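Hello,

I am handing over the structure below. Please look through it first, then read the notes that follow.

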Amino acid sequence: MRKSSCCMYSCGAAGALLLLAGIALFASGLFQTLIHNKLKKEITLTEGSKVFATWKNPPPPVYMEFFFFNVTNPEAFLKGEAKARLSEMGPYTYREYRPKRNVSFVDNGTKVAAYTPKVFVFVPEKSVGDPSVDMVTTVNIPAVAVMNRVKGAGFWVSSAMSVYMKSIGAEMFMTHTVDELLWGFKDPLLTRLRTIKPETDEYFGLMLHKNGSDDGEFVYHTGEHNYLDYGRIFTWKGEKMMSFWKTNQSNMINGTDGSAFHTFLTKEERLDVFTADLCRSIHMRFEKEVEVKGIPAYRFTPPRAVLANGTNNPENAGFCLNPKKCLGDGVLDVSVCRQGAPVVVSFPHFHMGDEKYIQAVEGLSPVHEQHQTFLDLNPTMGVPVRAMKRAQINIHLERVTGFPMTRNLESTIFPIIFLNESVVIDDASAERIQKLLLVVTLVSHFPLILVALGIILLIVAVILAIRYYQNKPSAKKDTSYAPVSAKVDDQDEKNGTYIGMTPVDKS
């Protein structure tokens with residue numbers, strides 16, 4: 001009995017203490033604060049931190065897919081007889097290697113500088129064909145760039161250039177292999193112009209000089225003093241702001257480069273990302289919760305407002321340099337940072353763009369799931385577990401005085417190619433993150449574990465108490481006392497009234 005009562009009281013006391021302690025710790029948020037502070041200190045761009053090595057040389061494979069728009073009726077389009085008919089060719093897939101180089105700490109270790117050269121290696125098993133063989137007919141971009149340069153020089157200059165271009169066979173459309181269009185070929189028009197302007201590059205390619213090159217030096221905040229600054233860009237090419245656009249807001253270099261984000265993201269956050277390809281910063285908003293290889297993630301994606309024109313989104317007013325030629329929603333003229341070439345960028349198939357751009361040609365069909373750009377980020381660690389960066393390169397075609405080949409053209413944003421730069425976390429990294437998230441969850445919920453243990457012990461104490469009182473014997477014995485009167489022998493009668501007991505035979 002003593003053991004049962006001792007166990008009962010011990011369970012009750014321990015359960016009550018654990019319950020009270022768990023409630024107190026949960027209310028104070030002590031353990032959650034401790035683990036959050038620990039992660040904020042560990043996830044920094046500093047030597048020896050948990051993420052610095054993978055930041056310098058990311059283990060997950062990055063792939064770049066190229067999809068070309070092949071023009072199947074160039075003659076009919078130039079004559080004004082039909083819309084341009086496009087057929088999509090791709091993907092032509094390349095493995096992208098992007099380790100950071102010349103990494104150095106600056107400003108007393110509060111910032112880190114680095115270059116990110118990109119090397120592309122063709123992956124035939126992920127491609128639809130041979131880029132050295134497959135032919136694509138598309139807009140003659142060097143010819144259009146030259147026309148765009150001389151259109152303000154007067155009719156006679158334009159006419160003379162038109163005659164010269166015709167004499168060397170420079171037409172509005174050209175046909176080349178995928179390799180040539182991507183990595184470069186010697187263009188006859190640019191070769192002739194080089195004799196006049198020696199600084200002219202006689203080679204043209206959509207990715208010319210990009211294999212093995214970088215976008216310049218970036219300086220990043222380490223996040224050591226403020227976790228919200230982790231990975232945020234401080235300068236690009238030595239500048240805190242660009243000078244391409246009309247307003248300071250448009251020229252700002254905001255956010256990260258898309259490879260690193262601070263810990264403990266919320267669904268309400270606006271994530272800013274700077275992309276050198278667009279010569280501008282964009283922002284992303286939460287779309288939905290997803291899961292990648294067992295890791296929970298928030299999907300962030302650019303809203304329609306990112307590429308809306310200045311009328312629909314005043315924040316973008318500075319991206320239109322000529323108020324008389326502002327474009328509609330879903331496109332961005334980047335000729336200012338493409339040496340004057342009339343390059344316009346958009347999302348693939350003009351996703352989230354004005355319907356007029358989609359209807360101007362045949363063969364486009366935007367689908368949100370196939371053409372959106374997004375980042376899947378684990379909210380606890382801020383780690384990208386999956387990403388798709390999708391963009392389309394277009395050329396602005398229009399009638400140019402003095403060039404008869406353009407006389408039937410209407411102002412058209414003409415699709416050339418779209419690319420998809422994708423990455424999914426590798427299995428080894430996913431396993432490490434899963435283990436770390438488990439530790440974070442257990443530590444954060446330790447007070448609730450105490451509460452649960454306290455409740456269990458209290459239940460055990462109650463059960464023991466019930467059993468103890470059910471089995472405890474009665475405190476009173478069942479013995480009766482009664483006076484007895486009886487006629488007995490004389491000797492016994494001398495004793496008078498006596499307590500009746502069982503007589504004992506005296507022999």
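**What was found**

Four strands form an open sheet in the order β3-β4-β10-β11, and their pairing is antiparallel. Its edge strands, β3 (101-106) and β11 (233-236), each pair on one side only. From one strand to the next, the twist averages 20°. Two strands count as paired if DSSP finds at least two bridges between them. Helices (H or I, at least four residues) and strands (E, at least two) are DSSP runs, numbered from the N terminus. Axes are lines fitted to C-alpha atoms, for helices over the stretch in contact, and angles run from 0 to 180 degrees between N-to-C directions.

This is a predicted model, in which local features need pLDDT of at least 70 and side-chain atom pairs count only at pLDDT 80 or more, while totals for chains, interfaces and linings use all residues. Residues are numbered from 1 along each chain as its sequence is written, and side-chain values use heavy atoms, with hydrogens and water left out.

Within the sheet, β10 (residues 218-221) pairs with β11 in the antiparallel sense over three bridges. There, F218 stands opposite W236 of β11.

Elsewhere, β6 (residues 135-139) and β7 are also antiparallel, joined over five bridges. M135 has T177 in β7 as its bridge partner. Strand β7 (residues 173-177) is mostly covered, with four of its five residues buried (under 20% relative accessible area; exposed is over 50%, partly exposed in between; 1.4 Å probe, protein chains only).

Helix α5 (residues 141-150) is largely enclosed by the rest of the structure, because eight of its ten residues are buried. Among them are I141, P142, M147 and V150.

Regards
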